[in-house]
Amino acid sequence: MYSRRGRLAFRAAVLGSALLLTVVACGGGGGGSGDPNGAATLTYLTHFNQVPGSAIEKKVVNAFEKAHPKVKVRIMALQSGTEFTKFQTLASAGSPPDVYLADSSIMSALLSHKVLAPVDYKAVGVRDKNALESQYISGVFDGYTVDGMTYGLPEEYSNYGSWVNVKAFKDAGLDVPTTWDQVCQDGSKLLRKKNGKVVQEEVALPTNLSVSQVYFLDAVAREFGSPLFNASGTKSNLTSKATVNAFTMLQNLVYKCNAAVPSLNSSTQGADRLVFGSGQAAMMFTGGAWYLGSLKQQYKAVAPPISAAYPYPTTGGAEPASESYGYAWVVPKAGKNQTLAWKLAKALADAGNEDFTQMGLFDGRKSVGSSKAATSQPFWTSVWQPALAHSSYAVSLANGSQIDDIIGNAFDDIILHHGNVKSALQNADKQVQPLLNQGG
């Protein structure tokens, strides 16, 4: 497997999307399907800007152009996290990309402004919606379906879990903890200092990276009794007992249990993964199956069998929770060549086995999940696949980017500055209320 690309380092900004996305819905190429056998140029917007992802996509595009001699595909490969801004810029100019690899977290904004064309089932080689979804494990399309209509062809279906330095626990005479109480109890036993400086902590908590924080926090809040938001995204649970208790527990890991020392993270985004990879933390919670590639390529000293994947610790006998996220190929309805665009999306999707083999990215298809490449990977059958089978997408929020930042800032205050949990969450809730989804 390959190092997980850093595309979750930033959730694409949705500020100003109402104006620009309206342009996509109303302007551009008029929404015609074009001539699938005629001359055309397709623009493909992606975040695969380095190998092996870029090489895989280039190979697919070359084969697609060979199969469609009159068609040229222009790949726009951007830095991860900048592609939605580019999408809006192109849309405002009346020329949205023909195919766009979209983050599930911004689908609510795209769908609420009705800028996407539904999947052309014939173009992607299936009879209907049921025939398409039957190829995938349950839940994969939930983030791309509205009112029974499907708007995306999945490229990745993933979630987070615990990555654990098993050797660190064993050296301390401890078993890997399965509950948050055990994590607390083990904190001081795994704390290591050298010349007065902390060189090892039990837990690297996520700070300074709002989207990863929210995926993690929502799962923990679910374990404590309720998610951060209701299913329609119209109600906040930030001040609920479950959320307060979840955030209090995490704060206690720092200030009562000696389990986490956030200063090790400094201000680097995604530093919990770096701290774990460097051997300075015995646990971290924002890695998926793809993090195995990072361990093998960048952090070989703590790669398996030193490290292993586990479900999140639990509380009060609750089942381990996890939250899904992903990416899907979508086609703007203002595009001129929608049939060709969906055929290109299908060609890209057909590289799913190679994506898994080289990058550890699972597209949700049963055939990929049961392939030798998958079943031979450590923890896939025992941890990741069972977790995905019971996972669910984060609530789709039209203003998700702003809401993530608000919650992330509250978490940073609680963890980094020992802020009052109830006050921080009440303040966050006041900021979130005007940004919630309307209706429903």
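The legends below describe close-up views of a predicted model, for which local features need pLDDT of at least 70, side-chain atom pairs count only at pLDDT 80 or more, and totals for chains, interfaces and linings use all residues. Residues are numbered from 1 along each chain as its sequence is written, and side-chain values use heavy atoms, with hydrogens and water left out.

View 1. The structure holds nine salt bridges, a salt bridge being a side-chain nitrogen of Lys or Arg within 4 Å of a carboxyl oxygen of Asp or Glu. One of them joins the side chains of Lys-129 and Glu-133, with an N to O distance of 2.9 Å. These residues, Lys-129 and Glu-133, are four residues apart in helix 5 (residues 129–133) and therefore separated by about one helical turn; helices (H or I, at least four residues) and strands (E, at least two) are DSSP runs, numbered from the N terminus. Lys-129 is partly exposed at a relative accessible area of 22%, and Glu-133 is partly exposed at 25%, where buried means under 20% relative accessible area, exposed over 50%, and partly exposed in between (1.4 Å probe, protein chains only). In helix 6 (residues 166–171), Asp-171 and Lys-167 are likewise four residues apart, which means a separation of about one helical turn, and their side chains meet in a salt bridge of 2.7 Å, N to O. Asp-171 is exposed, with a relative accessible area of 53%, whereas Lys-167 is partly exposed, with 42%.

View 2. The side chains of Asp-128 and Arg-127 form a salt bridge with an N to O distance of 3.5 Å. Of this pair, Arg-127 is exposed, with a relative accessible area of 68%, while Asp-128 is partly exposed, with 26%. A network of salt bridges links Lys-346, Asp-350, Asp-363 and Arg-365.

**View 3. The packing of helix 8 with helix 17.** Two packed helices are described by the angle between their axes and the distance between the axes. Helix 8 (residues 210–224) packs with helix 17 (residues 400–416) at an angle of about 80°, with their axes 8 Å apart; axes are lines fitted to C-alpha atoms, for helices over the stretch in contact, and angles run from 0 to 180 degrees between N-to-C directions. Helix 8 and helix 17 are therefore roughly perpendicular to each other, on a scale in which angles under 35 degrees count as roughly parallel, over 145 as roughly antiparallel, 65 to 115 as roughly perpendicular and the rest as oblique. Helix 8 contributes Ser-210, Val-211, Gln-213, Val-214 and Leu-217 to the contact, and helix 17 contributes Asp-404, Asp-405, Ile-407, Gly-408, Phe-411 and Asp-412, contact meaning heavy atoms within 4.5 Å. By class, the contact of helix 8 with helix 17 has five nonpolar, three polar and three charged residues; Ala, Val, Leu, Ile, Met, Phe, Trp, Tyr, Cys and Pro count as nonpolar, Asp, Glu, Lys and Arg as charged, and the others, Gly among them, as polar.

**View 4. The largest nonpolar core.** In soluble globular proteins, nonpolar side chains tend to be buried together. The largest nonpolar core here has 141 residues, and those with the most contacts inside it are Leu-110 and Trp-163; the largest share of this core, eight residues, comes from helix 8. A nonpolar core is a set of buried Ala, Val, Leu, Ile, Met, Phe, Trp, Tyr and Cys residues joined through side-chain atoms within 4.5 Å.

**View 5. Two cis peptide bonds in loops.** Val-51 and Pro-52 are joined by a cis peptide bond with omega of about 0°, and Pro-52 is found in the loop between strand 1 (40–46) and helix 2 (53–67). A cis peptide bond with omega of about 15° joins Pro-304 and Pro-305, and Pro-305 is found in the loop between helix 11 (291–297) and strand 12 (307–310).

View 6. Asp-147, a residue other than glycine, has a positive phi near 50° and is found in the loop between strand 5 (145–146) and strand 6 (149–150), where it counts as exposed at 78% relative accessibility. Although Asn-195 is not a glycine, its phi is positive, about 55°; Asn-195 is found in the loop between strand 9 (192–194) and strand 10 (197–204), and is exposed, with a relative accessible area of 80%.

**View 7. The surroundings of Ser-104.** Ser-104 lies in the loop between strand 3 (99–103) and helix 4 (107–112) and counts as buried at 11% relative accessibility. Leaving aside its neighbours within four places in sequence, Ser-104 is in contact with Tyr-144, Tyr-325, Gly-326, Tyr-327 and Tyr-393.
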